[in-house]
Amino acid sequence: GKVVYWVPPGPRKLSPAVFGTAEDPKMTLAPKLNKARRMVEAGKMPPTVPQLLQDLPILVGVPEKARSQAPGGGQILKHPTPFPDKGRIIQGNFRAAFYDEVNEDPPGKPGQTPDSAELTAEFTDPQGNDYRVVLDHVVKPPFPGYATDGGVMLDAVHHGATGTGTPLMPQVWTIGALWGVGEVYVNGELQSKGQVMHLMTSEVVRDKDYDLALQEDMPLQPSEWHVKGQPHHTHLIVLPVKGTKKGPVFSPVPTAFELPNGKNQPFMHIMFEQDTVVRQTS
């Protein structure tokens, strides 16, 4: 009975505050890719990361060659992304719990962290297929520049120009966020294990028309919130990335949602617009 959206792929306007201009580009891929290669050589990053960043650069930036002039001025990433302006109403619910033990990423492999979380989400797609996503464990994404507070982040900011999370999202005040890997069930059948997922409850970033705010638009005023009186909402994105023993690799999410081009959507971005937050202290 709550408002839930399935976000299909689409273009994304590029915020000048985050990505600069055509003459002075920022948040490009090359520096992050070079840093990843150096860290791999130093034994500080899984060897699969540089290839993953080439396969899915939006994890850390947008290559200059992928940027185009937007019709109304500025720049746009025309290649379909998980962060367009539109969404489609579906049915769904989720429950998550965050257990934050450290305030920085400890050394070691991605899964070596005292932080933990619980997450189960059930939802449909616009074509009526059923999904269940279950978190297995928290990870610290081994991407250059990421600082995830041990894989569970509370009361902080990320995305935008922070270096943590895709810069295609504006910087957001975050009540709670987790990064992890887990299972994806489609129409009752287990379709994927070790799929990388990110969930965050943040300040509102979508307006009444469901347009995704640019950095320059933030913070949205209460009159602009998509749901009147609802100051925060929860984003669940299941990325086309799998965790392996060698490190994260590109791996499309096996959804059953068929796009107009005849291919199935390779990620899931679900927006729970009417969430409730409960804080507990021990």
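Reader: Which residue forms a salt bridge with aspartate 211, and how far apart are the closest N and O atoms?

Author: Aspartate 211 pairs with lysine 86, and their closest N and O atoms are 3.5 Å apart. A salt bridge here is a side-chain nitrogen of Lys or Arg within 4 Å of a carboxyl oxygen of Asp or Glu. Please keep in mind that this is a predicted model, in which local features need pLDDT of at least 70 and side-chain atom pairs count only at pLDDT 80 or more, while totals for chains, interfaces and linings use all residues. Residues are numbered from 1 along each chain as its sequence is written, and side-chain values use heavy atoms, with hydrogens and water left out.

Reader: Is aspartate 211 buried, partly exposed or exposed?

Author: Aspartate 211 is partly exposed, because its relative accessibility is 26%. The classes are buried under 20% relative accessible area, exposed over 50%, and partly exposed in between, using a 1.4 Å probe and protein chains only.

Reader: How many salt bridges does the count come to?

Author: The count comes to two. The other is formed by the side chains of arginine 279 and aspartate 155, at 2.8 Å from N to O. This pair also links distant parts of the chain, since arginine 279 is in the segment after β14 (268–272) and aspartate 155 is in strand β9 (residues 152–158), 124 residues apart. Arginine 279 is exposed, with a relative accessible area of 56%, whereas aspartate 155 is partly exposed at 36%.

Reader: Switching topic: how many cavities of 30 Å³ or more turn up in the whole structure?

Author: The search finds three cavities of that size. On a 1 Å grid over the protein atoms alone, a cavity is a set of points where a 1.4 Å probe fits but cannot get out, and a pocket is an open set with protein on both sides within 12 Å along at least five of seven lines; lining residues have an atom within 4 Å of a point. Grid points are joined across faces, edges and corners, and a volume is the space filled by probe spheres set on the points.

Reader: What is the volume of the largest cavity, and which lining residues lie nearest its centre?

Author: The largest cavity holds about 200 Å³ of space. It has 17 lining residues, and those nearest its centre are His159, Thr166, His198, Ile237 and Leu239. At least two lining residues come from each of β11 and β12. By class, the lining has 11 nonpolar residues, six polar and no charged, where Ala, Val, Leu, Ile, Met, Phe, Trp, Tyr, Cys and Pro count as nonpolar, Asp, Glu, Lys and Arg as charged, and the others, Gly among them, as polar.

Reader: And what about the second largest cavity?

Author: The second largest cavity has a volume of about 50 Å³, and its lining includes Arg12, Lys13 and Leu14. The largest share of that lining, three residues, comes from β2.

Reader: Now the open spaces: what volume does the largest pocket have, and which residues are closest to its centre?

Author: The largest pocket has a volume of about 960 Å³. It is lined by 28 residues, with Ala96, Ala97, Phe98, Val277 and Val278 closest to its centre. β6 supplies the largest share of the lining, eight residues, and the lining residues divide into 11 nonpolar, 10 polar and seven charged.

Reader: What lines the second largest pocket?

Author: The second largest pocket contains about 560 Å³ of space and has 23 lining residues, of which Leu56, His79, Pro80, Thr81 and Pro266 are closest to its centre. β4 gives the most to this lining, with four residues. Its classes are 16 nonpolar, five polar and two charged.

Reader: Last one: how many helices and strands are in the protein chain?

Author: The protein chain has three helices and 14 strands. Of its 282 residues, 51% count as buried.
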